[in-house]
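The sequence and the structure are shown first.

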Amino acid sequence: MIVTCTVNGQRIPLDGHPMARLLDALRAAGLTGVKEGCGEGECGACAILVNGDLVNSCLTPLAHAAGATLTTIEGVAAGRVLHAIQSAFLECGAAQCGICTPGMVLAACSLLERNPEPTDDQIRGALAGNLCRCTGYIRIFEAVREAARRLP
Ligand code: FES
Ligand code: FES
């Protein structure tokens with residue numbers, strides 16, 4: 001089955017069984033910023049935005065993307081200009097490992113899009129589905145706070 005959707009502003013066909021994982025279809029299409037951690041919906045490494053909603057692409061069937069608008073980490077920056085969230089992650093030392101960071105940035109995008117002035121509890125809640133096993137979450141929370149300050 002060919003599923004046509006808009007990914008990062010471009011209409012692209014994704015090929016596969018309707019029940020295949022969207023994660024695999026995106027990676028096969030070259031969007032390797034979408035990572036696989038647990039493969040079970042627990043870690044958030046595979047998170048993307050589907051019609052603006054944060055979803056775990058490892059649990060999402062390819063058919064769900066038909067006609068949808070998707071954003072992966074490749075579509076967050078404007079060309080070579082980083083999004084404010086990405087800049088804040090860099091400057092706060094929150095970009096820790098390449099497996100988890102894309103999903104965390106997208107979770108932050110989803111949060112700040114809906115709620116530009118989140119409380120610390122709301123930031124914590126928004127990132128609860130993104131696991132980090134390296135150094136912890138302090139710098140990540142700081143980066144999201146900083147991005148919220150910078151975004152209009
Ligand atoms: S790989 Fe999808 S939630 Fe972990
Ligand atoms: S950011 Fe990947 S394990 Fe911490």
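E146 counts as buried, because its relative accessibility is 18% and buried means under 20% relative accessible area, exposed over 50% and partly exposed in between (1.4 Å probe, protein chains only). The model is a predicted one, in which local features need pLDDT of at least 70, side-chain atom pairs count only at pLDDT 80 or more, and totals for chains, interfaces and linings use all residues. Residues are numbered from 1 along each chain as its sequence is written, chains are lettered from A and ligands numbered from 1 in the order in which they are written, and side-chain values use heavy atoms, with hydrogens and water left out.

**Salt bridges in the whole structure**

- The search of the whole structure gives seven salt bridges, a salt bridge being a side-chain nitrogen of Lys or Arg within 4 Å of a carboxyl oxygen of Asp or Glu.

- E146 pairs with R150 in a salt bridge whose closest N and O atoms are 2.9 Å apart.
- Both E146 and R150 belong to helix α5, where four residues, about one turn of the helix, separate them; helices (H or I, at least four residues) and strands (E, at least two) are DSSP runs, numbered from the N terminus.
- One network, made by salt bridges that share partners, joins E91, E146, R149 and R150.
- R150 is partly exposed, at 35% relative accessibility.

- D120 and R145 form a salt bridge with an N to O distance of 2.8 Å.
- Distant parts of the chain are linked by this pair, since D120 is in helix α4 (residues 120–126) and R145 is in helix α5 (residues 138–150), 25 residues apart.
- D120 has a relative accessible area of 34% and is partly exposed.
- R145 is also partly exposed, with 28% relative accessibility.

**A pair within helix α4**

- R124 and D121 make a salt bridge at 3.0 Å, N to O.
- About one helical turn separates R124 from D121, because they are three residues apart in helix α4.
- R124 is partly exposed, at 39% relative accessibility, whereas D121 is exposed, with a relative accessible area of 57%.

**Cysteines**

- The count of disulfides is zero, where a disulfide is a pair of cysteine sulfur atoms within 2.5 Å.
- C58 is buried, at 7% relative accessibility.
- C100 is buried too, with a relative accessible area of 16%.
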